[in-house]
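Dear colleague,

Please find below the structure that I am handing over to you, together with its sequence. My notes on what was found in it follow.

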Amino acid sequence: MSDLLSIVEPVATERATQGFAALMAHVCGLYTCGESSSVSEFEAHELAESALYVLGLTDGTAEQMIALLSADDVVAVWTRKRTELEARIPQVMELWQHVVATMPPIRNIALRDTLASIGKLPQAYDTFFAAHEVPASIDYPLSRSVPEQLKGLDYVEAWLAQLLAEAQFLARFDVREMTAYLDSWCPDYRGLLINLHDPIKAAWRAGHILLRTP
């Protein structure tokens with residue numbers, strides 16, 4: 001437990017440190033099914049990162065950390081916030097469905113596999129012990145990258161929002177014209193880890209392809 005406490009001790013008061021210790025004892029007990037309070041250093045760090053993400057403290061200030069961890073019942077706060085996090089999952093999946101419905105049927109393996117992986121998020125996302133991890137395999141490169149400091153559901157949500165913007169742009173063009181241009185631009189665009197938005201936007205600006213007539 002001392003390794004876990006070192007995460008918050010530099011900024012925490014004694015009360016906050018005790019609150020964090022109580023929370024991590026609870027989380028570790030759940031993780032080991034009550035059989036042991038001992039976990040490896042790596043597991044301890046990951047469980048702590050998950051708990052802090054659930055509490056909204058991944059990028060929080062020292063004052064925010066102290067305030068939350070000094071609550072009368074930190075475990076109750078964590079439980080409530082974890083429930084709130086789970087309640088966001090259907091909203092993220094609605095965004096995913098919007099992306100899938102909007103994206104033109106341009107074949108690209110990385111895009112297809114990434115969207116399929118995100119589609120399994122409700123089953124894959126572990127809000128108890130790995131809430132800070134991105135619960136999907138995201139390989140498709142965006143035109144504008146999502147900030148790396150985002151974690152967990154926040155990262156997925158921001159990633160989907162950016163992809164939706166790109167999909168809405170691509171949806172303004174004829175699929176056959178886009179496919180023909182991509183074939184001439186990069187014959188293996190289906191298999192490579194490339195973004196589809198950028199070459200189409202460049203082609204449109206150069207006058208090689210036109211917007212669809214309403």
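A residue is called buried here when its relative accessible area is under 20%, exposed when that area is over 50%, and partly exposed in between. Please keep in mind that this is a predicted model.

**Phe169 and its aromatic neighbours**

I begin with Phe169, which is located in helix α9. Its relative accessibility is 9%, so Phe169 counts as buried. Leaving out residues up to four places away in sequence, Phe169 touches His197, Ile200, Lys201 and Trp204. By contrast, 48 Å separates the C-alpha atom of Phe169 from that of Val39, and these two residues are 130 places apart along the chain.

Six aromatic pairs are found when the whole structure is searched. In one of them, the ring centres of Phe169 and Phe173 are 5.2 Å apart and the ring planes stand at 65 degrees, so this pair is edge-to-face. Phe173 is buried as well as Phe169. Phe173 also forms an edge-to-face aromatic pair with Trp204, with 6.4 Å from centre to centre and 70 degrees between the planes. This second pair links distant parts of the chain, since Phe173 is in the loop between α9 and α10 (175-185) whereas Trp204 is in helix α11 (residues 197-205), 31 residues apart.

How do the two partners compare in accessibility? Phe173 has a relative accessibility of 2% and therefore counts as buried, while Trp204, with a relative accessible area of 31%, is partly exposed.

Elsewhere, Tyr31, Trp78, Phe128 and Phe129 make up one aromatic cluster.

**Thr179 in helix α10**

Thr179 belongs to helix α10. Its relative accessible area is 19%, so Thr179 is buried. Not counting residues up to four places away in sequence, Thr179 touches Tyr189 and Arg190.

Helix α3 (residues 41-54) has 14 residues, and the distance from its first C-alpha to its last is 20 Å, close to the 20 Å expected at 1.5 Å a residue. Its buried residues are Ala44, Glu46, Leu47, Ala48, Ser50, Ala51, Leu52, Tyr53 and Val54. After α3 comes Gly56, which has a positive phi near 80 degrees.

Glu46, which lies in α3, may be of interest as a charged residue on that list. At 19% relative accessibility, Glu46 counts as buried. Its contacts, leaving aside neighbours within four places in sequence, are Phe129, His132 and Glu133. The C-alpha atoms of Glu46 and Glu133 are separated by 9.1 Å, although the two residues are 87 places apart along the chain.

Which residues bring α3 and α5 into contact? The axes of α3 and α5 are 9 Å apart and the helices pack at an angle of about 75 degrees. Angles from 65 to 115 degrees count as roughly perpendicular, so α3 is roughly perpendicular to α5. The contact is formed by Ala51, Tyr53 and Val54 of α3 with Trp78, Lys81, Arg82 and Leu85 of α5. By class, these residues divide into five nonpolar, no polar and two charged.

**Helices α5 and α6**

Helix α5 (residues 74-87) also meets helix α6 (residues 89-102): their axes come within 4 Å and cross at roughly 20 degrees. An angle under 35 degrees counts as roughly parallel, so α5 is roughly parallel to α6. On the α5 side the contact is made by Leu85, Glu86 and Ala87, and on the α6 side by Ile89, Pro90 and Gln91. This contact of α5 with α6 comprises four nonpolar residues, one polar and one charged.

The 14 residues of α6 should span 20 Å at 1.5 Å a residue, and the C-alpha atoms at its ends are 20 Å apart, so the two values agree. Within α6, the buried residues are Ile89, Val92, Met93, Leu95, Trp96, Val99 and Thr102. The elements that cover them include α5, α7 (109-119), α8 (121-124) and α9 (152-170). As a general point, an α-helix has 3.6 residues a turn, so residues three or four places apart point the same way.

With kind regards

Key: Residues numbered from 1 in each chain as written. Predicted model: local features only at pLDDT ≥ 70, side-chain atom pairs only at ≥ 80, totals over all residues. Heavy atoms only, no water. Axes fitted to C-alpha atoms, helices over the stretch in contact; angles between N-to-C directions. Helix = DSSP H or I, 4+ residues; strand = E, 2+ residues; numbered from the N terminus. Parallel < 35°, antiparallel > 145°, perpendicular 65-115°, else oblique. Contact = heavy atoms within 4.5 Å. Expected span 1.5 Å × (residues − 1). Buried < 20%, exposed > 50% of the residue type's maximum accessible area, 1.4 Å probe, protein only. Phe/Tyr/Trp six-rings, centres within 6.5 Å; stacked < 30°, edge-to-face > 60°.
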